[in-house]
Amino acid sequence: MAYQRVHRVPVKIARIFNTFGPRLRRNDGRAVPTFVTQALRGEPLTVHGDGSQTRSLCYVDDLVEGIWRFLQSEALGPMNIGNPEEIKVLELAHLICSLAASNSEIVFVDRPQDDPEVRCPDISLARSLLGWEPRVSLREGLDGTIEWARAAWPET
């Protein structure tokens, strides 16, 4: 915003929340690629803490649509782009195991000190100004992500 004020150029600020989908980097440390890799390998899924912390996950196609609409709008932001539906990390691990048809067990490890309890965007501004909200369900997005990972990560 300081750049906009000084140089008088339009600036848009998008706040992107947790995103997943095909072309994930397997070892980036986020829950979805970690759990998918572990499930496809038949390794235990490592859940930090007791898994009660929540995440909200937006499928990449929805994210791109939200950003595109934001760029085409007159709005400057900040604009939250993400999925407001929360899931507990432990439930996410179970869901990925199920969708991957994996018999992996779930193990609990120490939770990082900076791991937030909740990550959930308020997308009311995107809904009202852009007419945007996520359309791809978590289950549908994970199905596509797992299918892609099976082909892209053959060594899993």
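Helix 2 (31–41) is largely enclosed by the rest of the structure, because 8 of its 11 residues are buried. Here buried means under 20% relative accessible area, exposed means over 50%, and partly exposed lies in between (1.4 Å probe, protein chains only). The buried residues of helix 2 are Val32, Pro33, Phe35, Val36, Thr37, Gln38, Ala39 and Leu40. They pack against strand 2 (19–20), strand 3, helix 4 and helix 6. Glycine 42, with a positive phi near 75°, follows helix 2.

The model is predicted: local features need pLDDT of at least 70 and side-chain atom pairs count only at pLDDT 80 or more, while totals for chains, interfaces and linings use all residues. Residues are numbered from 1 along each chain as its sequence is written, and side-chain values use heavy atoms, with hydrogens and water left out.

Several residues of helix 2 also belong to the largest nonpolar core. A nonpolar core is a set of buried Ala, Val, Leu, Ile, Met, Phe, Trp, Tyr and Cys residues joined through side-chain atoms within 4.5 Å. The largest one has 26 residues, and those touching the most other members are Val32, Phe35, Val36, Leu92, Ile96 and Leu142. Two or more residues come from each of helix 2 (31–41), strand 3, helix 4 (89–99) and helix 6 (138–152). Helix 4 gives the largest share, 7 residues. Valine 36 is in contact (heavy atoms within 4.5 Å) with Ile96, Ile146, Ala149 and Trp153, leaving aside neighbours within four places in sequence. There is also a second, separate core of 10 residues, which includes Cys58, Leu63, Met79 and Leu130.

These elements belong to a protein with 6 helices and 8 strands. Helices (H or I, at least four residues) and strands (E, at least two) are DSSP runs, numbered from the N terminus. Along the sequence they follow the pattern α-β-β-α-β-β-β-α-β-β-α-β-α-α. The C-alpha trace spans about 55 × 35 × 25 Å along its principal axes. Of the 156 residues, 40% count as buried. Among contacts between residues at least 6 apart in sequence, 84% join residues at least 24 apart.

The accessible surface comes to about 9000 Å², and 49% of it belongs to carbon and sulfur atoms. Such areas come from the Shrake-Rupley method with a 1.4 Å probe, and for residues only the protein chains shown count as cover. The protein has 18 positive and 21 negative charges, whose mean positions are 7 Å apart. In this count Lys and Arg are positive and Asp and Glu negative, whereas His and the chain ends are not counted. Each charge is placed at NZ of Lys, CZ of Arg, CG of Asp or CD of Glu.

Attention may now turn to strands 3 and 4 and the loop between them. Aspartate 50 is found in this loop, between strand 3 (45–48) and strand 4 (54–56). The side chain of aspartate 50 makes a polar contact with the side chain of serine 52 (2.7 Å). A polar contact is a pair of N or O atoms within 3.5 Å; within protein, one must be able to donate a hydrogen and the other to accept it, and residues adjacent in sequence count only if both atoms are side-chain atoms. Not counting residues up to four places away in sequence, aspartate 50 touches Leu90 and Phe108. Glutamate 74 is 24 residues from aspartate 50 along the chain, and their C-alpha atoms are separated by 43 Å.

Threonine 54 lies in strand 4 and is buried, with a relative accessible area of 13%. Apart from neighbours within four places in sequence, threonine 54 is in contact with Glu86, Ile87, Lys88, Glu117, Val118 and Arg119.

Other loops hold residues of interest here. Glycine 77 is placed between helix 3 (60–72) and strand 6 (79–81), and at 31% relative accessibility it counts as partly exposed. Glycine 77 touches Ile13 and Phe70, residues up to four places away in sequence not being counted. Arginine 8, in the loop between helix 1 (2–7) and strand 1 (14–16), has a positive phi of about 55° although it is not a glycine. Arginine 8 is exposed, with a relative accessible area of 74%. Alanine 101, in the loop between helix 4 and strand 8 (106–109), has a positive phi near 55° and is exposed, with a relative accessible area of 68%.
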